[in-house]
Amino acid sequence: LKNYINFYYALWEHVKPLGYKAVADFSKIHLPQIDRFLPLFDKLHHHFNLKGIIIVRDPVRTAFGQHLCHAKRSRHREVRTYADDLYYISFFDRIKELIPDSHMVIMEELWEGDGKEKDKLSNFLDHPITDLWDNCYAPDKGHLAQYNPNVPCQFFGQTDAELTPELYFKYKQDLQKCYTNWERRFGILPRYWGRPIDYQKNASIAYG
């Protein structure tokens, strides 16, 4: 922990003269691990002005994409739902206990929406977000995704299987609680959530 803190102090001193607003660590905390992080964050709050960012995607497509990466590495063919991390509402509420100043970003709305999600993120960070890095999942092309050298990690395993409408609704039954909890909290599902995507239609759309 001491090395971690010293590293981010040093990184901040390096980038501050270049006009950066802050430094960030985008490591993921899984829901079952949160209790282990409680004493660490107590100490981090003494050193940093912490802000938390969580980015969420349609639960079925998230689980299916994770499965393809996992299967690529282990030849495991069963689709795992990773349900703990996909219960976004309970996950976000627990993260806010660690970092009260936290914000949840809807991936589909940020990259493909009308700009409101970008404005929310800009306001949260107190810094204008004008450009977004390439995202191979927006527009989502599923098994028809093309390799993008800017985000090579997003291509890994994604073309190995097709998330057909039949498969989508099959896995949605397992993850329905994720959608139900979201609708109870916010009243409506985000863009493209809860239904299949026409990957063929998206195949000709450029990333950006």
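**Entry 1: Trp12**

In which element does Trp12 lie? I found Trp12 in helix 1; helices here are DSSP runs of H or I with at least four residues, strands are runs of E with at least two, and both are numbered from the N terminus. Before going on, I noted that this is a predicted model, where local features need pLDDT of at least 70, side-chain atom pairs count only at pLDDT 80 or more, and totals for chains, interfaces and linings use all residues. Residues are numbered from 1 along each chain as its sequence is written, and side-chain values use heavy atoms, with hydrogens and water left out.

Trp12 is partly exposed, with a relative accessible area of 24%; buried means under 20%, exposed over 50%, and partly exposed in between, with a 1.4 Å probe and protein chains only. Not counting residues up to four places away in sequence, Trp12 touches Tyr20, Lys21, Ala22 and Val23, where contact means heavy atoms within 4.5 Å. I also took a C-alpha to C-alpha distance from Trp12 to Ala138: 31 Å in space, for 126 residues in sequence.

**Entry 2: the whole chain**

I counted 10 helices and two strands in the protein chain. Their order from the N terminus is α-α-β-α-α-α-β-α-α-α-α-α. Along the principal axes, the C-alpha atoms fill a box of roughly 50 × 40 × 35 Å.

I noted that 38% of the 208 residues are buried. Of the contacts with a separation of 6 or more, 68% are between residues 24 or more positions apart. The chain exposes about 12700 Å², and carbon and sulfur atoms supply 53% of that area; the areas come from the Shrake-Rupley method with a 1.4 Å probe.

**Entry 3: the core**

Which residues touch the most other members of the largest nonpolar core? They are Val56 and Trp182, in a core of 35 residues. A nonpolar core is a set of buried Ala, Val, Leu, Ile, Met, Phe, Trp, Tyr and Cys residues joined through side-chain atoms within 4.5 Å. Among the elements that give two or more residues to this core are strand 1 (52-56), strand 2 (102-106) and helix 9 (176-186). Helix 5 gives the most, with six residues.

**Entry 4: two helix pairs**

I looked up helix 5 against helix 9 and found an angle of about 65°, with the axes 8 Å apart. Axes are lines fitted to C-alpha atoms, for helices over the stretch in contact, and angles run from 0 to 180 degrees between N-to-C directions. Here Tyr88, Ile89 and Asp93 in helix 5 meet Asn181, Trp182, Arg185 and Phe186 in helix 9.

For helix 2 (residues 34-47) and helix 5 (residues 88-98), the axes come within 9 Å and cross at roughly 35°. On the helix 2 side I listed Ile34, Asp35, Phe37, Leu38, Phe41 and His45, which meet Arg94, Ile95 and Leu98 in helix 5.

**Entry 5: the loop between helix 7 and helix 8**

I checked the backbone in this loop next. Pro139 lies there, and the peptide bond from Ala138 to Pro139 is cis, with omega near 0°. Asp126 is in the loop too, with phi near 55°, a positive value in a residue other than glycine. Ala145 and Ala203 are 58 residues apart in sequence and 7.1 Å apart in space, C-alpha to C-alpha. Pro149, placed in this loop, is exposed at 61%.

**Entry 6: Tyr192**

My last stop was Tyr192, in the loop between helix 9 and helix 10 (199-202). Phi of Tyr192 is near 70°, a positive value in a residue other than glycine. Tyr192 is partly exposed, with a relative accessible area of 26%.
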